[in-house]
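Let's take a friendly walk through a protein fold, one part at a time. Keep the picture beside you as you read.

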Amino acid sequence: MSRTNLQDVDKSVDGLSILGTFDFTAIEELDPSLADGHRVVYDREVPFELRIQDSAAGPQEVGTLEAIKAKILLIGDDNHPQHIRIELTSENDLFFHYTHSVDEATFRAMQETQKLMIDFPEYANILIRMYNSCIKEPHSFLAVFVMHRDGHARLDFIQNMEYKFVELLSADFVASPEEVIRQQITFRYNSVKSKLALMQARLQDINALVKVKNPSLLLQLQKTPPRQMSNKSLSR
């Protein structure tokens, strides 16, 4: 596509500001994870090393690397949470759904067992920091998720100190019941479907606006495959 045509696109699309940006709030509020009063404070894909432990012999020495969506939810104020829950899901496996739930009492047991130097109100922020470290420095910070055949699992945050691996924090997880998984899959399917409908409606608005301002440009855009148009733009 020529520079002139690209400028035409920019001029035409400038008028799209009246259309606003996508607002998926109403869709996200239907998330079944929020049904019991929790709210999302963190939602990102994090690189995990997945391992399976079949017996008492121990987990696989080398697991598979996969991007796992980690969602942290809590009830109460950020500084004084009453309950914290972590949900782990995968885009590669819709039936992969594990949760870690903790309140102040259960956290106290974790604190004593692992000799943690933090209190319950700091737990969510520490988890967020751990996840972000695994994203930003994947060679130094590892998230190893060990799954057992009985549905239980453990997430270990490990730091590579070059001369040794140091386990920073561990959290116990459990595979979600079939009904919860069914609800989550239904929500994710309907969410994608609704977002697609919104984007298709936005595309129609764009087409209508460009048609009014520059009909010939619209014809050219419709004739040019998206990938080909992108390649031409990059080759300028």
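## A pair of strands

In β4, T99 is the bridge partner of E87. The two strands involved are β3 (residues 81–89) and β4 (residues 97–103), which pair in the antiparallel sense over seven bridges. Two strands count as paired if DSSP finds at least two bridges between them. Strands themselves are DSSP runs of E with at least two residues, helices are runs of H or I with at least four, and both are numbered from the N terminus.

This is a predicted model, in which local features need pLDDT of at least 70 and side-chain atom pairs count only at pLDDT 80 or more, while totals for chains, interfaces and linings use all residues. Residues are numbered from 1 along each chain as its sequence is written, and side-chain values use heavy atoms, leaving out hydrogens and water.

## Closing the barrel

Now to the neighbours. β1 and β2 run antiparallel, joined by eleven bridges, and E49 stands opposite L65 in β2. β2 also runs antiparallel to β3, with eight bridges between them; here L73 stands opposite R85 in β3. A hairpin of four residues links β2 to β3.

How many strands close into the barrel, and in what order? Seven do, in the order β1-β2-β3-β4-β7-β6-β5, with mixed pairing. On average, neighbouring strands of this sheet are turned by 35° against each other, direction ignored. Helix α3 (residues 104–114) packs on the sheet and touches β3, β4 and β7 (165–175); contact means heavy atoms within 4.5 Å. The direction of α3 makes about 95° with that of β4. Such angles run from 0 to 180 degrees between N-to-C directions, and axes are lines fitted to C-alpha atoms, for helices over the stretch in contact.

The axes of α5 (178–213) and helix α6 (residues 215–223) come within 5 Å and cross at roughly 135°. That makes α5 oblique to α6, since angles under 35 degrees count as roughly parallel, over 145 as roughly antiparallel, 65 to 115 as roughly perpendicular and the rest as oblique.

Which residues of α5 and α6 make the contact? From α5 come N207, V210, K211, V212 and K213, and from α6 come P215, L217 and L218. By class, this contact has five nonpolar, one polar and two charged residues. Ala, Val, Leu, Ile, Met, Phe, Trp, Tyr, Cys and Pro count as nonpolar, Asp, Glu, Lys and Arg as charged, and the others, Gly among them, as polar.
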